[in-house]
Amino acid sequence: MAKNKIKVAIVSLTSCEGCQFAILDLGKKFLELAKKIKISKFRLVEEEKKEEYYDLAFIEGSPLLKKNYRQLKDLRQRTKFLVVLGNCAQTGGVYAMRNYGHKEKIARYVYPQTFKLLFNPIVEEVSKVVNIDAVLPGCPIIGEEFLKFFEYFLDKRKFKIPERPVCYECQLFERVDCLLQKGLPCLGPVILSGCAAVCPAAGMPCQGCRGWLKDANRPNMLAALKNKISPQELNKILEIFHLRNT
Amino acid sequence: MKIRIDNLAKMEGHASFEGAILNENVGRAKMITEEGAKLIEGILIGRPYWQAPIITSRICGICPIVHFLCAIKALENAFKVKPKAGAIILRKILEATQIIHSHTLHLLFFSLPDFLKPADDFRKSILELRDWSLKTARAIGGRVIHPLTPEVGGFKKWPTETLMKMIVNNGTDVLRKAIKLGELFKRLKYPNWQRATEFIALRQAGEYAFYDGNLPKDFFKKIKEIEEPGELVKRVRYNKKSYMVGAIARVNLNWRYLNPCAKKLLLSFHKPPLLNPFYNIFCQAVEVVHFVEEITKLAKRKFKPINVSFEVKAGKGIGLIEAPRGTLYHYYELSPDGTILNCNIITPTAQFLNNLEDDLAIYLPKTLKLNSEQRQNKIKALIRAYDPCISCATH
């Protein structure tokens, strides 16, 4: 019996396209995956074809243009399964920092003459605009996690990221001195892992790009951090990946 | 005759092309960017200085390393910090890996399909070369997309001697692959035409400048960032004219300082100046060879993992660096406690979009005799030859 390859679309709204490049950086492994599926839409690496219906679609980036909203809603209608790819689509990403400030002032700083003509929305999560079926978090996503997702999807199993903090993987993969114990503002204990604690391993405190760990004791963590840094400094960290007040 | 190409593919970022052929000699061309307003410079105001590299690397997924390093250079300039030799060597290697991995992606996935379909084993060889550059970038930077280890004064974490030895050991094999890549790109059938323009890149006596270097005297007085209604890119003009940056500009200006294999490859093709915009593609292939040689040279040097301590204070700083697509500029003004008061970022694509349109306007009439599909393919090939990064342009 001929096995029908699933039709896959990879679409980006406004983004740095880093999550797509993370997929391409898989190199040979990506090409091997590509043989098992039918990539019907992936503007970054092939010419646009006629729109069709997809079994699986990935959406990267934030809706920052009216066109982005149309693209997002259109994609939702054309796909059975929609996966959010990366922090921008999941939380609004770095663009959402304008939500914490005065967005007109921010726009005026960059475009002093033409800011009034800009479409400058409050940056929204993709999940606030359309229903989504799964999330691959991170800034950028983890390439190996993308492959793992496919392994499950092609086997018709639900892929679930284990609910473990970054600290778990920090200890598992690296024998590093804990940055938190060194007095650095690392969010590790309350952030979802799956990233092999790549940032703390490199000496960079975790800033939470993979999102809050479910059922984590956030108030305790934030209180503990306020002993080391001021509330304003803590807020500035929580704003980077749109964790503050979310 | 009007031409419109929507949703240009095989290019970083979203854009469409709109043009017209008015007669045998005159055309009109416009690149219409289709990214939303990211407002990164506005978002940085009021944030702590150390967030600049982290946030600006998110401007672009194909050149995050260069934004990260440029921000750090600008901050070190503001704080008057001089990092030690070891940090410079590592950053240069990191910057070189950025150029290699960006160029190889563009060459293999974006531009080459405009000319031919590569054999499987060729593609495999280039991916292996690219993999080496990614592994090296990871070993030094902690992560490729949105690096982690460089910081003001040095590095948060230094690579081990074993890792550095591994980079050197793989050098010969990788160089062979890079030269093979260059030889293929030498033989491509590039459309035969040219247009003279101003080429701008960093220059440094005795060096193929990429991490450090100088722009022409009074460059910042002579450029203007132009805001147009409905346009998110603040395009740059130099002396009111368009100009070119990137591989072809660097090769034209600094080719004498290319490493030996790269120079040999270049001169076996065409002695500079290269005025055919399509040759930007070949110049990228030359640079891949050059930077493989450069990394091998740099990785052999002995250095001590020393960070320079510094005082956070008020100041103004500029960072200049050659990104894969051309000269990148970051500027920060800091308050006494290190908060960003003002900033400005000028990206390569914002600098060369006008030049691309000027090229397209002259090139379009040459496609009059082609059918619609052939004409569109030629237009796309020229746009891709520039390797535009629309995300950088619209930051």
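In strand S4 of chain A, A:Val83 is the bridge partner of A:Phe58. Helices (H or I, at least four residues) and strands (E, at least two) are DSSP runs, numbered from the N terminus. The model is predicted: local features need pLDDT of at least 70 and side-chain atom pairs count only at pLDDT 80 or more, while totals for chains, interfaces and linings use all residues. Residues are numbered from 1 along each chain as its sequence is written, chains are lettered from A and ligands numbered from 1 in the order in which they are written, and side-chain values use heavy atoms, leaving out hydrogens and water.

Let's stay with chain A. Strand S3 (residues 54-60) and strand S4 (residues 79-85) of chain A pair in the parallel sense over six bridges; two strands pair if DSSP finds at least two bridges between them. They belong to an open sheet of five strands in chain A, ordered S2-S1-S3-S4-S5 with parallel pairing. Strand S2 (38-42) and strand S5 (134-136) of chain A each have a single partner strand, so one side of each is left without a neighbour in the sheet. From one strand to the next, the twist averages 25°. Helix H3 (residues 66-78) of chain A lies across S1 (7-12), S3 and S4 of chain A, running at about 135° to S4(A). Such angles run from 0 to 180 degrees between N-to-C directions, with axes fitted to C-alpha atoms, for helices over the stretch in contact; contact means heavy atoms within 4.5 Å.

Now to chain B, where three strands form an open antiparallel sheet in the order S1-S2-S3. Its edge strands are S1 (2-5) and S3 (27-33) of chain B, each pairing on one side only. S1(B) joins S2 (residues 15-21) of chain B over four bridges in the antiparallel sense, and B:Ile3 stands opposite B:Gly19 in S2(B). Helix H12 (residues 348-363) of chain B packs on this sheet, touching S2 and S3 of chain B, and its direction makes about 145° with that of S3(B). Helix H13 (residues 372-386) of chain B lies across S1, S2 and S3 of chain B, at about 60° to S1(B).

Finally, look at a helix pair. H10 (residues 260-267) and H11 (residues 279-299) of chain B pack at an angle of about 160°, with their axes 7 Å apart. The contact includes B:Leu265 and B:Leu266 of H10(B) and B:Phe282 and B:Val286 of H11(B).
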